[in-house]
Amino acid sequence: MIRRFIALLFLTLAAALIHAQPSLPPNFQAKTIHSPAGADIFVRWGGTGPVVLLVHGYAENSDSWAPLAVDLMKDHTVVVPDLRGIGRSSKPADGYDKKTQAKDMRAVVSALGYDKTSVVAHDIGNMVAYAYAATYPDKVERLVVMDAPIPGIDPWNEILLNPGVWHFNFHGPDAERLVAGRERIYFDRIWNDFTADPAQPDEATRNFFAATYAQPGGMRAGFAQFTAFSQDAKDNKVFEQTKLTMPVMAVGGEKSFGPLQAVIMRHVATNVQEEVVAGSGHWLMEEKPAYTVALIRKFLDGPVVVHSANATGD
């Protein structure tokens with residue numbers, strides 16, 4: 001009877017964990033760091049070993065990295081900031097171009113006493129991570145980008161014609177008024193459009209992230225990420241003239257960007273490893289966390305492999 005009770009209790013706790021909102025490890029340290037570029041960036045960090053900077057995307061915040069952070073902290077130092085305007089970072093009126101946000105990331109890394117890092121990014125985070133790697137190429141040892149375009153980098157113009165990216169042009173005061181109090185409805189459309197699994201992100205995760213953006217100024221700041229795309233495209237055209245030389249892993253969800261992620265990155269980098277996560281849409285940390293974490297760890301910890309710029313896969 002006692003064993004049965006314990007078994008039921010274990011199953012109940014396991015179910016609760018499965019449906020809990022995402023959260024970074026509670027033993028991570030936390031602080032807010034002032035960026036000279038004009039923002040106060042909230043960051044959490046923990047673990048020991050080689051430093052890895054994790055840069056989250058839109059419709060999420062730094063807690064989205066929970067599965068990866070839990071794994072990497074065993075033998076890496078994991079640095080996980082909220083981008084300006086998102087989560088517990090400040091929401092300034094401007095500075096949402098990705099070149100400026102790269103300066104935010106550099107301020108965080110430097111303030112914590114680190115220098116060179118690997119960088120792992122997803123969604124909007126890809127754009128910030130690319131600007132970071134292009135601005136500080138000697139500070140990035142390895143780069144992982146997952147499932148998102150880079151403004152101005154081919155096939156950017158074709159991507160903009162896809163009705164699925166309607167949200168790229170949905171911003172401004174009227175959009176803020178339409179979404180106010182309806183943040184969950186707005187984000188549900190984005191989460192549903194880009195997932196291969198209708199159950200992911202789950203309810204707890206959706207509620208958590210929607211509430212994050214419902215904070216005062218949250219949607220204005222979120223929309224500003226897209227308003228900056230035209231400036232990002234101009235900046236990236238300049239960055240593109242000097243190719244990244246550090247190892248890059250370009251990861252696409254099979255039901256989302258797939259091999260296109262590597263196509264994009266081969267325009268801007270000379271050593272690109274292509275990976276496609278079978279059965280996943282855009283939300284890799286929610287849809288296929290175990291596989292994606294293993295993929296990233298193998299890339300970060302494995303020997304450097306040179307991939308031909310004309311490679312079509314691995």
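In the predicted model, His282 touches His122, Asp123, Asp147, Phe194, Ser256 and Glu287, not counting residues up to four places away in sequence; contact is taken as heavy atoms within 4.5 Å. His282 is placed in the loop between E8 and helix H12 (284-287). Helices (H or I, at least four residues) and strands (E, at least two) are DSSP runs, numbered from the N terminus. With a relative accessible area of 6%, His282 is buried, where buried means under 20% relative accessible area, exposed over 50% and partly exposed in between (1.4 Å probe, protein chains only).

Residues are numbered from 1 along each chain as its sequence is written. Because the model is predicted, local features need pLDDT of at least 70 and side-chain atom pairs count only at pLDDT 80 or more, whereas totals for chains, interfaces and linings use all residues; side-chain values use heavy atoms, with hydrogens and water left out.

An open sheet of mixed pairing is formed by 8 strands in the order E1-E2-E4-E3-E5-E6-E7-E8; two strands pair if DSSP finds at least two bridges between them. E1 and strand E8 (272-277) each have a single partner strand and stand at the edges, so one side of each is left without a neighbour in the sheet. From one strand to the next the twist averages 20°, with axes fitted to C-alpha atoms (for helices over the stretch in contact) and angles running from 0 to 180 degrees between N-to-C directions.

Strand E1 (residues 29-35) runs antiparallel to strand E2 (residues 39-47) and is joined to it by 7 bridges. Ser35 has Ala39 in E2 as its bridge partner. The hairpin of E1 and E2 has 3 residues between the strands, and in it Gly38 takes a positive phi near 105°. E2 also pairs with strand E4 (residues 77-81) in the antiparallel sense, over 5 bridges, and Gly46 stands opposite Val78 in E4.

Helix H13 (residues 289-301) packs on the sheet, touching E3, E5, E6, strand E7 (248-253) and E8, and its direction makes about 155° with that of E6. Helix H4 (residues 124-135) lies across strand E3 (51-55), strand E5 (117-122) and strand E6 (140-146), at about 150° to E5.

Thr77, in strand E4, counts as buried at 6% relative accessibility. Beyond its neighbours within four places in sequence, Thr77 is in contact with residues including Gly46, Gly49 and Tyr114. A polar atom of the Thr77 side chain lies 3.0 Å from the backbone oxygen of Gly49.

Key
Polar contact = N/O pair within 3.5 Å; in protein donor to acceptor, adjacent residues only side chain to side chain.
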